[in-house]
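Subject: Handing over the structure

Dear colleague,

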Amino acid sequence: MTCLCGLAYLPSLGFEEACVHFDSTVRRVFKAGDSCERVDVILPGFVDLHVHMRGMEQRHKGEWRTESLAALHGGVTVVVDMPNNLPKIDSPSALERKLREADGESYVDFLLYTAYPFLPDDGYVAGIKLFPEDLRNDLNGIFSRASSLGKIVVVHAEDPLILDEADRPTGVEDHWRGHPELAEELAVRRVLWLAARHGSRVRIAHSTLPSTLRAVRDARIRGVDATSEVTPHHIMYGHEDSRSLGPLAKVNPPLRSRKIADELRGMVWAGMADFLATDHAPHSPEEKSMDYGAMPPGMPWLDVMAPLLMSSIGEGILPAEVIDMYSSRPAAHLGLRRGRIAPGCGADLVVLRKRPWVVSEDDLYTKAGSSPLIGRRLDWTVDRVYLRGELAFQDGPVVGEGFGSPASTSWTRATPAG
Ligand SMILES: [Zn+2]
């Protein structure tokens, strides 16, 4: 049994001085204890609903061993991985191959999404991801199947016809012109309508617009099981930041204006966004140095998450509730008893130390070798990370590759009485 005392982030209390007694699960949370080790801050392990670990035929971009170590380094203990691999995860054989790879290499626990139209009933499959191209199909069938299985339909909500008709940008600075806001608005309305019609759980990935968060909230008031993600980049940057971000500023959906990003962050303060998810998307440095048209979209985040969030809370940029948006809420969404420092929950704990550092490429485990925060000073350092009560990270991995396991969603549909 281990015992740590410090400023802990506790469910519904927020930051409180407390001691946490744990083995594989949290046993006790109490006010004071003489025999406990003192640390600065204890956070619940983060649960990232939206990452791209790569691997398979794209090991040059990222591998489960590198990206899951980046996750652990950032205080993320559970990830849910997207299916746009090479090959796509749209068949039992591709899914089986990915499961084997992830299970053999991952440092953190994980769940997987499958690609349209493949959606099996396995416990480690959280749901299906729909990309803009998939929205060209009649989606009644997949919404209905997801509803009957209790799986989540995660949507990259941009209408492909609007994207076809949009301007052709010529550089990273005007990448947003190729992705009109209307594309997101229309796709959001459509999938909320489909979810209402079929009683499916739907989640809007990487919401970029205040109207998206409002639409999800309004749908929920009408009884639809709808939720929303926001990413760190869409709430912190506008396309005006393209110059300083460089090639990383090419992301889909795009960075909107700073004004919209500020509004979106305001909605996070107002409790209007359900989840924070990084959309961690590594590419090789060679790929990101190609010219605008050829360069693939995406930016890596995982390595820096715990220090970024603690520093941002300290600076008043983000509310403390952003911790819930990245731990207890996504865990509950997946049906996992984790992401909370509370008795009976899995002991996934992140210990932070107040020690300022400036982010450099050398600090990162992601194969992308880059971060939007290069050169930025952060006030906090990850001291260690416990996963299911085991010390997994301290100045590097303490456990071996493959320590992570497939988690299992225990979410089940409420069966109507009688
Ligand atoms: Zn993504």
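Two strands are said to pair if DSSP finds at least two bridges between them; the strands themselves (E, at least two residues) and the helices (H or I, at least four) are DSSP runs, numbered from the N terminus. With that in hand, you can find an open sheet in which 7 strands follow the order S3-S2-S1-S4-S13-S14-S15, with mixed pairing.

Before going further, please keep in mind that this is a predicted model, in which local features need a pLDDT of at least 70 and side-chain atom pairs count only at pLDDT 80 or more, while totals for chains, interfaces and linings use all residues. Residues are numbered from 1 along each chain as its sequence is written. The pLDDT is the predictor's confidence in each residue, on a scale from 0 to 100; its average over the chain is 96, and 98% of the residues score at least 70. Residues 412–418 need some care, since their pLDDT is below 50, and beyond near neighbours in sequence this stretch has 2 contacts in the model, where a contact means that the C-beta atoms of two residues, placed from the backbone, lie within 7 Å.

The mixed sheet

At the edges of the 7-stranded sheet are strand S3 (26–30) and strand S15 (390–393), each of which pairs on one side only. On average, neighbouring strands of this sheet are turned by 45° against each other, with direction ignored. Strand S2 (residues 14–22) runs antiparallel to S3 and is joined to it by 4 bridges, among them the one in which histidine 21 has arginine 28 as its partner in S3; S2 and S3 form a hairpin, with 3 residues between them. Further along, strand S13 (residues 349–358) and strand S14 (residues 377–387) pair in the antiparallel sense over 8 bridges, and leucine 352 has valine 382 of S14 as its bridge partner. Helix H11 (residues 305–314) packs on this sheet, where it touches strand S4 (37–44), S13 and S14, and its direction makes about 130° with that of S14. Such angles run from 0 to 180 degrees between N-to-C directions, and the axes are lines fitted to C-alpha atoms, for helices over the stretch in contact.

The parallel sheet

A second open sheet has 8 strands in the order S5-S6-S7-S8-S9-S10-S11-S12, and here the pairing is parallel. Strand S5 (46–51) and strand S12 (275–276) are at the edges with a single partner strand each, so one side of each is left without a neighbour in the sheet. Within this sheet, strand S9 (residues 152–155) pairs with strand S10 (residues 201–204) in the parallel sense over 4 bridges, and isoleucine 152 stands opposite arginine 201 in S10. Helix H6 (residues 210–221) lies across S10 and strand S11 (226–230), and runs at about 160° to S11.

Which residues make the contact between H3 and H5? Helix H3 (residues 140–149) and helix H5 (residues 181–198) pack at an angle of about 50° with their axes 9 Å apart, and the contact is made by Phe143, Ser144 and Ser147 of H3 together with Leu194, Ala195 and His198 of H5. H3 and H5 are therefore oblique to each other, given that angles under 35 degrees count as roughly parallel, over 145 as roughly antiparallel, 65 to 115 as roughly perpendicular and the rest as oblique.

The axes of H5 and H6 come within 10 Å and cross at roughly 15°, and these two helices are therefore roughly parallel to each other. In their contact, Glu184, Glu185, Val188, Arg189, Leu192 and Ala196 of H5 meet Ser211, Thr212, Ala215 and Ala219 of H6.

Details of the backbone

Leucine 86 and proline 87 are joined by a cis peptide bond with omega about -5°, and proline 87 is found in the loop between strand S6 (76–81) and H2. Another cis peptide bond leads from asparagine 252 to proline 253, with omega near -15°. Finally, aspartate 279 has a positive phi of about 55° although it is not a glycine, and this aspartate is found in the loop between S12 and helix H10 (285–288).
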